[in-house]
Amino acid sequence: MRASVLVLLLFAPALSGAAPGIPAISVIDTGDGGQNWSVSIQILLLMTALTLLPSLVLAATSFTRIIIVLAILRQAIGMPQTPPNQVLVGIALFLTLFIMAPVLSEIQGAALEPYMAGEIELMAALERAEQPLRAFMLSQTREPDLALFAGLAGHQGFASVDEIPMSILLPSFLTSELKTAFQIGFLTFIPFLVIDLVVSSVLMSMGMMMLSPMLISLPFKIMLFVMVDGWTLIVGTLAASFMAI
């Protein structure tokens, strides 16, 4: 009881100093005939955007392709836990930041800086920020995937790419990214598969059927990967797969 009374006494000045009757939600009319939301609504939208940021990174950037190819590479070498997941995610995040740097720079110049300077409203800033991201996703999305999801949504076609809604573009982009990632992963898997086949054939011919081929082939696969500078090749191939389009 004494503790609760003490807490009330401590917070009494703050409670008494609060200004009653201040609306948490309000719409402010601008001078040019438009409307702007109050600071409380903008803060709420910002916090909501931060919670959706991981999903946006997964769905609208190059992260999906990169992390899948790196995971397939790890399986192809034969070390499912090396490099650890934290290292792979870190590589994928920083490579994503490198690939998306032109898009982020365009968003900053066209949307973020004018909004912070008070030149445009929040909705206008969001519309401007959407355009570079849409251009990036459209450049990486296959037309059959767009046609598939447009047909599922009941759209017969679009006069221009600007009419494609994000609800169709996002799943189409993700599907295209998955297909491209598995194509690159397949090509990455082949050299290591050849080493496994050669080692297995040699062991069979020598009668060492009880010896695990994976145990013998692992050092050779690591040596091959190091000799050809594999990490540079993989990272360069992933970056070039986005830059070439």
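This report walks through a predicted model of one protein, from its overall layout to a few single residues.

## About the model

Because the model is predicted, local features need pLDDT of at least 70 and side-chain atom pairs count only at pLDDT 80 or more, while totals for chains, interfaces and linings use all residues. Residues are numbered from 1 along each chain as its sequence is written, and side-chain values use heavy atoms, with hydrogens and water left out.

## The overall layout

Let's begin with the big picture. The protein has 10 helices and 2 strands. Here helices (H or I, at least four residues) and strands (E, at least two) are DSSP runs, numbered from the N terminus. Along the sequence, the pattern reads α-β-β-α-α-α-α-α-α-α-α-α.

Of the 245 residues, 29% count as buried. Buried means under 20% relative accessible area, exposed means over 50%, and partly exposed lies in between (1.4 Å probe, protein chains only). The protein exposes about 15600 Å², and carbon and sulfur atoms supply 73% of that area. Such areas come from the Shrake-Rupley method with a 1.4 Å probe; for residues, only the protein chains shown count as cover. Contact means heavy atoms within 4.5 Å. Among contacts with a separation of 6 or more, 65% join residues 24 or more positions apart.

## The nonpolar core

In soluble globular proteins, nonpolar side chains tend to be buried together. A nonpolar core is a set of buried Ala, Val, Leu, Ile, Met, Phe, Trp, Tyr and Cys residues joined through side-chain atoms within 4.5 Å. In this protein the largest one has 37 residues, and those with the most contacts inside it are Ile 66, Phe 136, Met 137, Ile 234 and Leu 238. At least two residues come from each of helix 3, helix 4 (85-99), helix 5 (101-116), helix 6, helix 7 (143-152), helix 8 and helix 10 (230-243). Helix 3 gives the largest share, 9 residues.

What does Phe 136 touch, leaving aside its neighbours within four places in sequence? Its contacts are Ala 60, Thr 61, Ser 62, Met 100, Val 103, Phe 173 and Phe 242.

## A look at helix 6

Helix 6 covers residues 122-140, and its 19 residues should span 27 Å at 1.5 Å a residue; the end C-alpha atoms are 28 Å apart, which agrees. The expected span is 1.5 Å times one less than the number of residues. Buried residues in helix 6 include Leu 122, Ala 129, Pro 132, Leu 133 and Phe 136.

Helix 5 holds Ile 107, which counts as buried at 18% relative accessibility. Ile 107 touches Leu 112, Ala 129 and Pro 132, not counting residues up to four places away in sequence. The C-alpha atoms of Ile 107 and Leu 133 are separated by 8.2 Å, although these residues are 26 apart along the chain.

## Salt bridges

Side chains of opposite charge can pair when their charged atoms come close. A salt bridge is a side-chain nitrogen of Lys or Arg within 4 Å of a carboxyl oxygen of Asp or Glu, and the model has 3 of them. One joins Arg 65 to Glu 177, with the closest N and O atoms 2.5 Å apart. This pair links distant parts of the chain, 112 residues apart: Arg 65 is in helix 3 (residues 63-77) and Glu 177 in helix 8 (residues 166-205). Arg 65 is buried at 2% relative accessible area, and Glu 177 is buried at 0%.

Another bridge pairs Lys 221 with Asp 196 (3.3 Å, N to O). Lys 221 lies in helix 9 (residues 213-227) and Asp 196 in helix 8, so the pair ties together parts 25 residues apart in sequence. Arg 134 and Glu 130 also form a salt bridge, at 3.8 Å between the closest N and O atoms. They are 4 residues apart in helix 6, about one helical turn. Arg 134 is buried at 4% relative accessibility, whereas Glu 130 is partly exposed at 29%.

## Two loop details

The loop between helix 3 and helix 4 contains Pro 83. The peptide bond from Thr 82 to Pro 83 is cis, with omega near -5°.

Asp 229 lies in the loop between helix 9 and helix 10. Its phi is near 55°, a positive value in a residue other than glycine. Asp 229 is partly exposed, with a relative accessible area of 42%.
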